[in-house]
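Please look through this structure with me. My notes follow as numbered points.

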Amino acid sequence: MNTADILTLQQWLSPAFPVGGFAWSHGLETAISDGDVHDDGSLTDWLETVIARGSGAADATLLAAAMAPDADHAGLAARAAAFAGTAERLEETESQGKAFTETHNTLTQSDFPACALPVAVGRAAAALGLPPATVAAAYLQAFAANLVRVLMLVLVTYHLGDGVAQALHDLLGM
């Protein structure tokens with residue numbers, strides 16, 4: 001794997017890349033409010049469910065499909081909209097995908113149309129020399145890290161969440 005490609009992917013998935021991920025809790029605030037998530041263990045369980053059987057799994061599948069040389073990005077974007085499940089989730093993935101695409105287009109002088117975030121990331125990552133499984137694992141790790149940050153901000157206890165990323169490594173294939 002090329003170091004430059006890995007660093008590019010890290011840049012795209014970084015909280016500093018302006019996609020607005022910080023603005024979305026993915027339902028975590030409700031889970032906290034309802035008492036379903038209250039510590040590292042319950043957060044890990046919640047994240048494992050989202051990543052293995054929820055929108056994380058759908059996003060990883062869409063991202064990998066978008067990396068294929070013959071990918072139908074418009075069709076995948078339509079599938080992402082169908083998988084969204086709620087208006088809020090659709091707004092989340094489409095607004096983040098639009099922000100990602102606009103920034104990526106500016107950086108690379110490309111002219112890709114806006115689409116759901118996993119399709120936009122997969123489409124862009126197709127130009128990198130990285131396997132889809134690696135890109136998907138990095139995407140899901142960034143997704144999980146953003147949600148750990150939500151927990152830390154909502155509960156205002158910065159020691160919570162410290163062990164969650166490590167606990168998710170097996171699930172993410174690391």
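1. Start with A71. Leaving aside its neighbours within four places in sequence, A71 is in contact (heavy atoms within 4.5 Å) with A65, A66 and L76. A71 is found in the loop between α4 and α5. Helices here are DSSP runs of H or I, at least four residues, and strands are runs of E, at least two, numbered from the N terminus. A71 counts as buried because its relative accessibility is 19%. Buried means under 20% relative accessible area, exposed means over 50%, and partly exposed lies in between, with a 1.4 Å probe and protein chains only. The C-alpha atoms of A71 and A126 are separated by 9.8 Å, although these residues are 55 residues apart along the chain.

2. Keep the source in mind. This is a predicted model, where local features need pLDDT of at least 70 and side-chain atom pairs count only at pLDDT 80 or more, while totals for chains, interfaces and linings use all residues. Residues are numbered from 1 along each chain as its sequence is written, and side-chain values use heavy atoms, with hydrogens and water left out.

3. Now the overall picture. The protein has 10 helices and 0 strands. Buried residues make up 43% of its 174 residues. Among contacts with a separation of 6 or more, 68% join residues 24 or more positions apart.

4. Next, helix pairs. Two packed helices are described by the angle between their axes and the distance between the axes. Axes are lines fitted to C-alpha atoms, for helices over the stretch in contact, and angles run from 0 to 180 degrees between N-to-C directions. The axes of α3 (residues 40-53) and α4 (residues 55-66) come within 3 Å and cross at roughly 35°. V50, I51, A52 and R53 of α3 make the contact with S55, G56 and A57 of α4. These residues divide into 4 nonpolar, 2 polar and 1 charged. Here Ala, Val, Leu, Ile, Met, Phe, Trp, Tyr, Cys and Pro count as nonpolar, Asp, Glu, Lys and Arg as charged, and the others, Gly among them, as polar.

5. Look at S55 within α4. Is S55 buried or exposed? S55 counts as buried, because its relative accessibility is 18%. Leaving aside neighbours within four places in sequence, S55 touches H26, V50, R89 and F143.

6. α4 has another partner. α4 and α7 pack at an angle of about 35°, with axes 7 Å apart. D59, L62, L63 and A66 in α4 meet P118, V119, V121, G122 and R123 in α7. That contact divides into 6 nonpolar, 1 polar and 2 charged residues.

7. Check α6 for length. Its 22 residues should span 32 Å at 1.5 Å a residue, and its end C-alpha atoms are 31 Å apart, so the two agree. The expected span is 1.5 Å times one less than the number of residues. Buried residues of α6 include R89, F100 and H104. The buried residues of α6 pack against α1, α4 and α7. Q109 follows α6, with a positive phi near 55°.

8. Finish with the core. A nonpolar core is a set of buried Ala, Val, Leu, Ile, Met, Phe, Trp, Tyr and Cys residues joined through side-chain atoms within 4.5 Å. The largest has 44 residues, and W12, L28, W46 and F100 touch the most other members. α8 gives the most to this core, with 9 residues. Leaving aside neighbours within four places in sequence, W12 is in contact with F17, F100, H104, A124, A125 and L128.
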